[in-house]
Amino acid sequence: MKPMAGTLRFRPEDLKAYVAKFFCHFGVPEQDAEIVADVLITADLRGVHSHGIARLHTYYGDRLRRGLINPQTSLTLLHETPTTLAFDAGNGLGQVAGVKAMEACIAKAREVGVGIATVRNSNHYGIAGYYAMLALKHNMIGLSLTNSQPLVAPTYGRTRVLGTNPIAIAVPTGKERPFVLDMATSIVSMGKVALYAELGQQIPLGWGIDKAGNLTQDPRAIRDGGCLLPLGGTDVMGGYKGYGLALAVDILSGVLSGAAFGPYVGSPSSLDPSPVNIGHFFLALRVDAFRPLEEFKQDMDHLISLLRQAPKAPGQPRIYIHGEKEFEEQERNLRDGIPLPIPVVEELKKKGTEVGVPFKLTPVGKGK
């Protein structure tokens with residue numbers, strides 16, 4: 001891909017304060033606004049800019065302004081057992097519902113070893129990994145799933161039926177960084193396809209299909225009526241596995257919770273008055289319910305060491321463990337500031353002025 005536009009770097013704390021102020025402006029309680037701000041800016045810190053402040057208006061502000069998201073996120077308990085909880089988010093903010101539901105899972109796990117929660121009637125909750133990682137500071141394993149708007153064709157299909165339906169799992173370690181897998185079940189995001197379209201560049205064959213169901217390298221054909229393919233791509237490349245994972249996420253997040261599923265899930269940027277009714281699934285697992293925690297951590301460190309020290313492919317200096325790149329990006333951005341593309345900054349300024357929350361932050365420098 002050709003180089004993108006230049007970037008400006010901003011202090012994470014400044015961005016977080018701005019985002020919290022933005023949500024408060026639309027009637028979100030201060031404590032909830034701080035939760036949403038932390039989730040969004042954590043995405044930017046970790047380099048997942050597709051789920052960070054760039055989505056402030058399209059996924060949240062525009063819909064809050066029109067009353068399409070309830071600014072008062074009321075998490076209603078529908079059903080409870082010693083290990084499970086079922087919640088309704090009341091069409092509130094997905095980040096607030098997600099944090100509260102995961103915290104409830106952790107509380108259950110602390111008492112009985114495991115806590116599992118479903119959430120229905122929610123909205124886009126940002127990066128799935130944020131909620132899984134909440135379990136880490138309690139020395140627990142965390143799992144976070146969500147369904148999303150239909151963008152992906154099932155294997156042998158040619159219409160959008162499933163979302164990019166991410167899976168995130170976080171596992172504590174000893175001396176090593178935690179294992180944090182945070183992945184979509186599609187081969188690529190629609191945002192990345194749209195970026196190629198804006199740059200006028202072809203995409204790799206296998207990312208998606210046009211509306212007739214044919215593989216295409218034209219990103220516009222996928223963006224404008226085509227579909228993404230599941231993780232793996234075509235059937236011969238194992239795409240049925242990604243299809244199965246996406247469907248499993250939809251079952252646990254949508255069908256099990258009573259939320260929308262498949263093609264019925266609404267778009268987070270839609271201005272349709274109908275609720276998007278996204279569903280989430282969370283799990284917290286206490287390691288010492290199975291074996292001594294320190295022994296587990298030692299074995300996790302050993303496993304990671306084995307992977308890192310495995311023979312490298314020609315020309316490859318390093319084998320990464322899931323989450324390492326994001327942790328390193330977070331350390332760099334905490335030190336140097338979060339990089340935002342100049343077009344994103346200009347859009348924040350324009351839209352912020354329009355809605356009465358001007359974006360007047362001072363950059364701390366330039367960079368990639």
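R308 is partly exposed, with a relative accessibility of 25%. This model is predicted. R308 forms a salt bridge with E176, and their closest N and O atoms are 3.0 Å apart. E176 sits in the loop between strand 6 (167–171) and strand 7 (179–183), while R308 belongs to helix 9 (residues 293–308), so the pair ties together parts that are 132 residues apart in sequence. E176 is partly exposed too, at 23% relative accessibility.

## A second bridge and a network

R177 and E328 also meet through their side chains, in a salt bridge of 3.8 Å from N to O. This pair links distant parts of the chain. R177 is in the loop between strand 6 and strand 7, E328 is in helix 10 (residues 324–336), and 151 residues separate them. R177 is partly exposed, with a relative accessible area of 28%. E328 is partly exposed at 21%.

## Helix 3

Is helix 3 mostly covered or mostly uncovered? Helix 3 (residues 56–65) is mostly covered, with 8 of its 10 residues buried. Those buried residues are L56, H57, Y59, Y60, G61, D62, R63 and L64. They pack against four helices: helix 1 (12–25), helix 2 (30–45), helix 4 (94–112) and helix 11 (342–355).

R65 and D62 are 3 residues apart in helix 3, so about one helical turn separates them. D62 has a relative accessible area of 12%; this is under 20%, so D62 counts as buried. R65 is partly exposed, at 39%. Just after helix 3 comes G67, with a positive phi of about 70 degrees.

## Nonpolar cores

The largest nonpolar core has 64 residues. Which residues have the most contacts inside it? They are V19, F23, I53, L56 and M102. Leaving aside residues up to four places away in sequence, M102 touches Y131, L134, A135, G142, L143, F282, L283 and A284.

Another core, of 12 residues, lies apart from the largest one. Its members include V188, M190, V193 and I222.

## Aromatic rings

A pair of aromatic rings is described by the distance of the centres and the angle of the planes. The model has 13 aromatic pairs. One of them joins Y125 and Y131: the ring centres are 4.5 Å apart and the planes are at 20 degrees, so the pair is stacked. Stacked here requires planes under 30 degrees apart. Both Y125 and Y131 are buried.

One aromatic cluster brings together F10, Y18, F22, F23, F26, Y59, Y60 and F359. Y59 and Y60 are among the buried residues of helix 3. F23 is one of the residues with the most contacts inside the largest nonpolar core.

I251 lies in helix 8 (residues 239–255). I251 is partly exposed, with a relative accessible area of 42%.

Methods: Residues are numbered from 1 along each chain as its sequence is written. This is a predicted model: local features need pLDDT of at least 70, side-chain atom pairs count only at pLDDT 80 or more; totals for chains, interfaces and linings use all residues. Side-chain values use heavy atoms; hydrogens and water are left out. Helices (H or I, at least four residues) and strands (E, at least two) are DSSP runs, numbered from the N terminus. Buried means under 20% relative accessible area, exposed over 50%, partly exposed in between (1.4 Å probe, protein chains only). A nonpolar core is a set of buried Ala, Val, Leu, Ile, Met, Phe, Trp, Tyr and Cys residues joined through side-chain atoms within 4.5 Å. Contact means heavy atoms within 4.5 Å. Rings of Phe, Tyr and Trp (its six-membered ring) pair if their centres lie within 6.5 Å; planes under 30 degrees apart count as stacked, over 60 as edge-to-face and the rest as tilted. A salt bridge is a side-chain nitrogen of Lys or Arg within 4 Å of a carboxyl oxygen of Asp or Glu.
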